[in-house]
Amino acid sequence: MSYLLALDQGTTSSRAIIFDENGTVHASAQREIQIHTPHSGWVEQNAQEIWSTQIAVVQQAIANARLLAKDIKAIGLTNQRETTVIWDKTTGEPLAPAIVWQDRRASEWCNTLIQKNYQNTINAKTGLRIDPYFSAGKLVWLLENIEGLRQRAEQGQVAFGTIDSWLIWNLTQGAEHVIEVSNASRTMLMNLTTQEWDEELLALFNIPHSMLPKIIASDQYITNTATGLLGAEIPITGVLGDQQSALFGQSCFEVGTAKNTYGTGCFMLFNTGAEIKTSQNQLLTTLAWKCQNQTTYALEGSVFMAGAIVQWLRDGLGIIQHTDDVEPLACQVKNTDGVVLVPAFTGLGAPHWDTDARALLCGMSRGTNKAHIARAALESIAFQVSDVLTAMQSDIGQPLKELRVDGGASQNDMLMQFQADLLNVPVLRPKMLESTAWGAAAMAGLKAGVFTDLSDISASWKLDRAFEPQMDEAQRQTHLALWNNALNRAKS
């Protein structure tokens with residue numbers, strides 16, 4: 001039996017999961033990470049805490065599985081994307097807090113670029129929109145605002161990376177300064193066609209080249225973990241950004257297959273194969289993975305608020321005590337009775353991209369109760385996904401046959417059924433909901449020889465439940481009309 005260790009470094013926690021070659025989980029461990037919001041729109045984490053929680057859960061998972069480090073064939077790593085870390089190349093100490101993907105502090109810098117009409121140039125090179133979401137603006141902000149940083153960077157003393165870079169640096173005790181290509185495609189600094197740092201953009205943003213890690217393939221043997229770290233030196237052979245990892249873990253290897261992950265936000269990725277497909281509908285073009293010397297691209301739609309809406313019902317409104325309470329509460333009513341929630345708490349993501357939109361709860365009457373609000377909250381997740389899928393189908397020009405789903409909220413049957421009804425396509429939930437971690441483990445296993453090709457990985461995908469559309473067209477259009485009316489009122 002071959003064992004694969006996945007490091008899954010997410011926004012809210014660091015996790016480690018040990019799989020066997022059939023995708024069965026043998027052990028896991030998880031620790032939460034603090035999120036700091038020192039100012040409005042700022043979201044930070046402690047880079048040292050990200051590393052210390054991650055290495056702790058790795059050691060814990062190996063112990064829980066009753067294995068020795070030498071029993072593990074390879075490590076695969078997946079991570080929250082766009083989050084930006086800078087550290088000292090000599091000491092390895094972080095030089096600032098990690099700036100998280102949700103952070104909006106680079107808005108002004110982005111607006112300046114948009115006013116100077118750089119939108120088309122940047123989109124053509126990177127596949128991305130100019131937005132504070134991506135790493136470039138965060139890095140520029142650090143260079144401009146951390147005293148002495150630019151000077152030190154120009155002298156070659158500073159390392160920049162996304163979370164994969166930071167973890168690999170620490171796992172190898174400074175031997176490797178790399179970034180995997182799907183993560184690099186989220187920095188707004190990598191040219192999608194050449195898969196190299198774009199010199200014109202580095203010059204435009206005034207970013208010293210010496211800070212940047214080396215871009216590597218998703219299935220690259222990087223090196224072994226440092227001596228003395230884990231009791232044996234384990235090869236690191238697979239890395240993917242978390243959303244790309246979920247696409248891979250869901251075995252969406254064919255052109256035209258898609259997955260949606262219901263996490264803090266919602267991320268839908270659609271496999272476009274070897275073709276770099278430019279969106280006409282405000283979606284992002286991203287690199288899905290590069291493995292076995294072939295590059296696969298995807299279209300991506302990012303929704304900023306999904307599971308976070310349920311947290312708001314719990315912590316902000318106090319109408320549920322636990323996140324699991326939301327489905328039974330929502331099922332107390334047959335419909336929302338006209339209540340619609342537009343969850344633009346941090347603006348709207350794809351395909352609207354309205355930073356200044358604000359959340360709106362409308363359509364309430366004297367008879368509205370907390371069950372209606374809970375149902376409207378869950379439905380709002382499905383409506384946002386529907387907007388993304390409509391945009392995707394316009395770009396692709398072919399109907400989607402099915403949508404594979406994962407992430408915490410995909411366990412919610414009411415939400416998944418409503419999602420299938422709205423999209424009018426079957427929603428398929430696999431038995432293994434750990435798609436993100438499994439994607440990284442499978443990628444590592446592919447390079448380490450545990451799998452010969454992608455069909456070996458596909459064999460591990462097993463269906464738990466298919467949600468078939470049951471709503472008639474008239475009902476569907478009524479729901480969408482209510483949503484669009486509320487959406488237009490929430491926009492800036």
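Analyst: What follows goes from the aromatic pairs to the core and then to the chain as a whole.

The model is a predicted one, and a search of the whole structure finds 17 aromatic pairs in it. One of these is formed by Phe-304 and Trp-353, whose rings are 5.9 Å apart from centre to centre, with 75° between their planes, an arrangement called edge-to-face. This pair links distant parts of the chain, for Phe-304 lies in the loop between strand S18 (294-303) and helix H10 (307-317), while Trp-353 lies in the loop between strand S19 (340-342) and strand S20 (360-362), 49 residues apart. Phe-304 and Trp-353 are both buried.

A further pair is made by Trp-438 and Phe-451, and because planes over 60 degrees apart count as edge-to-face, the angle of 80° between these two rings, whose centres are 6.1 Å apart, places the pair in that class. Here Trp-438 belongs to helix H14 (residues 435-448), and Phe-451 to the loop between H14 and helix H15 (454-458), 13 residues apart. Trp-438 and Phe-451 are buried as well.

Returning to Phe-304 and Trp-353, we find them in one aromatic cluster together with Trp-101, Tyr-133, Phe-134 and Phe-267.

Aromatic rings can also be looked at beside charged groups. Arg-105 lies over the face of Trp-42, at 3.8 Å from the ring centre, and its charged end also sits over the ring of Trp-141, 4.5 Å from the centre of that ring.

In soluble globular proteins, nonpolar side chains tend to be buried together. In this model the largest nonpolar core has 132 residues, and those with the most contacts inside it are Ile-86, Phe-205, Ile-207, Met-211, Phe-248 and Trp-289. Helix H12 (residues 370-396) gives the most to this core, namely 15 residues. If we follow Phe-248 and leave aside its neighbours within four places in sequence, its contacts include Phe-253, Trp-289, Met-443 and Leu-454. A second, separate core of 41 residues has among its members Ala-16, Ala-61, Val-85 and Ile-222.

Finally, the setting for these parts is a chain with 16 helices and 23 strands. Its radius of gyration is 22 Å, close to the 23 Å that the globule rule gives for 492 residues, so the chain is as compact as a globular protein of that length. Buried residues make up 61% of the 492 residues.

Terms used:
Residues numbered from 1 in each chain as written. Predicted model: local features only at pLDDT ≥ 70, side-chain atom pairs only at ≥ 80, totals over all residues. Heavy atoms only, no water. Core = buried A, V, L, I, M, F, W, Y, C linked by side-chain atoms within 4.5 Å. Buried < 20%, exposed > 50% of the residue type's maximum accessible area, 1.4 Å probe, protein only. Helix = DSSP H or I, 4+ residues; strand = E, 2+ residues; numbered from the N terminus. Contact = heavy atoms within 4.5 Å. Phe/Tyr/Trp six-rings, centres within 6.5 Å; stacked < 30°, edge-to-face > 60°. Lys NZ or Arg CZ within 6 Å of the ring centre and 35° of its normal. Rg over C-alpha atoms; globule rule 2.2 N^0.38 Å.
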